[in-house]
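Thanks for asking me to look this one over. Here are a few notes to read alongside the coordinates.

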Amino acid sequence: MNTLKKFLSLLLSVLLVLGAVSAGLMSVSADDDGIAWNEADNRYEISSYAGLKSFASIVNGTHATIPRNAAASAVLTDNIICKNNSSDTEYASDWIPI
């Protein structure tokens with residue numbers, strides 16, 4: 001009986017760890033680039049112009065670490081203004097279309 005309790009305790013511990021890991025994969029993590037992968041919805045969430053540029057590079061196949069995904073989907077989680085940091089009136093000139 002004591003062996004059964006130890007086995008069940010170990011099994012429960014492993015399941016809790018696996019559950020915590022998979023829950024972490026399912027959530028959206030904050031990202032300094034303004035883009036995060038949402039595993040649960042199978043899409044990117046974009047919150048900034050930098051994130052939009054990262055998404056474009058993923059779709060276009062020019063991202064430094066993520067392979068091309070022409071079928072990627074995304075949702076905007078915030079309003080995005082595509083203006084140069086140095087000027088409130090000049091639109092960003094570094095945009096590469098998707």
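1. A word on terms before the sheet: two strands count as paired if DSSP finds at least two bridges between them. Please also keep in mind that this is a predicted model.

2. Let's begin with the hairpin. Strand 1 (residues 35-38) lies antiparallel to strand 2 (residues 43-46), and 4 bridges link them. One place to look is Trp37, whose bridge partner in strand 2 is Tyr44. The hairpin has 4 residues between its strands, and Asn42 adopts a positive phi near 55°.

3. Strand 2 also pairs with strand 3 (residues 74-76), this time in the parallel sense, through 3 bridges.

4. The largest nonpolar core has 8 residues: Ile35, Tyr44, Ile46, Leu52, Phe55, Ile58, Val59 and Ala72. Helix 2 is the biggest contributor, giving 4 residues. As general background, nonpolar side chains in soluble globular proteins tend to be buried together.

5. Finally, do take a look around Leu52, a member of that core. Leaving aside residues up to four places away in sequence, Leu52 touches Ile46, Ile80, Cys82 and Trp95. Of these, Ile46 is listed in the core too.

Methods
Residues numbered from 1 in each chain as written. Predicted model: local features only at pLDDT ≥ 70, side-chain atom pairs only at ≥ 80, totals over all residues. Heavy atoms only, no water. Helix = DSSP H or I, 4+ residues; strand = E, 2+ residues; numbered from the N terminus. Core = buried A, V, L, I, M, F, W, Y, C linked by side-chain atoms within 4.5 Å. Buried < 20%, exposed > 50% of the residue type's maximum accessible area, 1.4 Å probe, protein only. Contact = heavy atoms within 4.5 Å.
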